[in-house]
Amino acid sequence: MSDNQENTDTEDTTASGSATLPLRPPCDRLSCHKSSVCSRSYFVVVMVFFHVYIFNVIGLLFYVHYSSGQDDNTRSHDAPSGDQQRPEAQRPPSKAEFLRDVSLTRIEGIRVGHVQKVSLVPDKVHEMRTLSLKPLLFEIPGFLSEDECRVVMQLAQLKGLMESQLMVQDGQEELAKELNLSPDDIFNLLDINQDGQLQLHEILTHSRVRDGIWLTPENLREIYAGLKADKDGNGLLSLEEFRLLSNDAFQRFLLQRGVKRSQLVRNSRHTWLYQGKGAHQVLQDIKARVTRLTRLPSSLVDLSEPLQVVRYEKGGHYHAHHDSGPVYPETACTHTRLAANTSTPFETSCR
């Protein structure tokens with residue numbers, strides 16, 4: 001019965017011609033084709049975005065390259081030449097100009113013993129060898145020629161060498177009065193660890209910084225005995241013992257006993273040689289060589305210290321020292337002090 005009915009329905013549908021067979025879903029009929037088309041479309045979209053990204057990067061690089069070239073050309077055309085240079089062009093750069101133009105570079109040491117080729121003078125290549133990575137230290141043999149060294153020494157002698165450090169001077173009492181500090185204030189400043197007692201190293205540090213005297217702990221014990229300062233003989237000064245001493249007691253004792261040159265922090269003679277415009281050509285060449293080596297802006301190098309020439313004679317020395325940070329807690333480095341920080345009354349130049 002059901003078979004006959006099914007045959008009849010089939011014949012009626014065929015005979016009429018207007019009816020159609022039920023269609024299967026597109027995904028059933030073209031599943032493989034749809035997957036292929038979707039994958040291909042996705043690939044095309046990704047490739048389009050990738051090429052657009054590459055073109056943008058290339059375009060940005062060209063823009064930066066040509067923009068920097070145009071800026072350099074503009075500066076060179078706008079800059080007055082020779083006698084037409086304006087007086088205001090000689091003024092030191094302002095702080096805002098430094099923030100805009102100055103960039104600090106770093107020469108990498110790579111590894112100890114690494115040799116780099118550097119071009120510092122025309123038609124010559126120097127070798128720069130890494131001696132240490134921490135601290136970073138390089139050696140450049142032949143950085144100065146024999147003739148240049150001879151000229152520098154002659155210029156230093158012509159200007160005159162002065163003692164790098166003078167012996168203990170009188171007048172410390174007047175200086176102490178000008179400071180207007182009580183014994184308690186001085187004791188508190190010298191007592192770095194704030195334990196209520198002055199250790200030997202705290203006194204030695206103060207003497208080396210203020211007076212330039214390189215005393216040893218044995219020397220200091222001798223001074224204690226001469227001044228009868230350390231009553232209990234423990235090598236420490238309490239506030240009560242310190243109050244019994246005058247502000248210039250140490251200086252007066254050293255003046256009476258005498259100070260040897262070997263006890264000075266620095267025993268040498270030195271002078272400073274100006275390297276700016278109008279200076280000897282050798283000095284200007286050295287400054288240009290330093291500028292080329294460090295890759296620092298010339299405006300920054302121009303503000304650096306003059307060239308110091310030091311002569312160490314027999315027995316000359318410079319004891320271990322540091323001037324990279326403040327020695328006393330009441331001072332702060334100028335270049336690291338915040339504008340809102342007013343807790344430190346004094347500033348010092350930290351190299």
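**Notebook: helices, cores and a run of strands**

I started just after α9, where Lys228 takes a positive phi of about 55°. Helices here are DSSP runs of H or I with at least four residues, strands are runs of E with at least two, and both are numbered from the N terminus.

A note on what I'm looking at: this is a predicted model, where local features need pLDDT of at least 70, side-chain atom pairs count only at pLDDT 80 or more, and totals for chains, interfaces and linings use all residues. Residues are numbered from 1 along each chain as its sequence is written, and side-chain values use heavy atoms, with hydrogens and water left out.

**Helix α9**

Which residues of α9 are buried? I found Asn219, Leu220, Ile223 and Tyr224. Buried means under 20% relative accessible area, exposed over 50%, and partly exposed in between, with a 1.4 Å probe and protein chains only. They cover an arc of only 145° around the axis, so they sit on the same side of α9; the arc is taken from the directions from the helix axis to the C-beta atoms. Over on the other side of α9, Glu218 and Ala225 are exposed.

**Phe253**

Next I went to Phe253, in helix α11. Its relative accessibility is 15%, so Phe253 counts as buried. Skipping residues up to four places away in sequence, Phe253 touches Glu222, Ile223, Gly226 and Leu227 (contact means heavy atoms within 4.5 Å). From Phe253 to Leu227 is 26 residues in sequence and 7.8 Å in space, C-alpha to C-alpha.

**Cores**

The largest nonpolar core has 19 residues, and Leu220 and Tyr224 are among those that touch the most other members. A nonpolar core is a set of buried Ala, Val, Leu, Ile, Met, Phe, Trp, Tyr and Cys residues joined through side-chain atoms within 4.5 Å. I noted that α7 (183–190), α8 (200–210), α9 (217–227) and α11 (249–257) each supply at least two residues of this core. There is also a second, separate core of 10 residues, including Leu283 and Ile286.

**Gln275**

Gln275 lies in the loop between β8 (269–273) and α12 (281–294). Leaving out neighbours within four places in sequence, its contacts include Leu283 and Ile286.

**Strands**

Last, I looked at β1 (residues 115–121) and β2 (residues 124–133), which run antiparallel and are joined by 5 bridges. Two strands pair if DSSP finds at least two bridges between them. Gln116 has Met128 in β2 as its bridge partner. A hairpin through 2 residues then joins β2 to β3, and Arg129 stands opposite Glu139 in β3.
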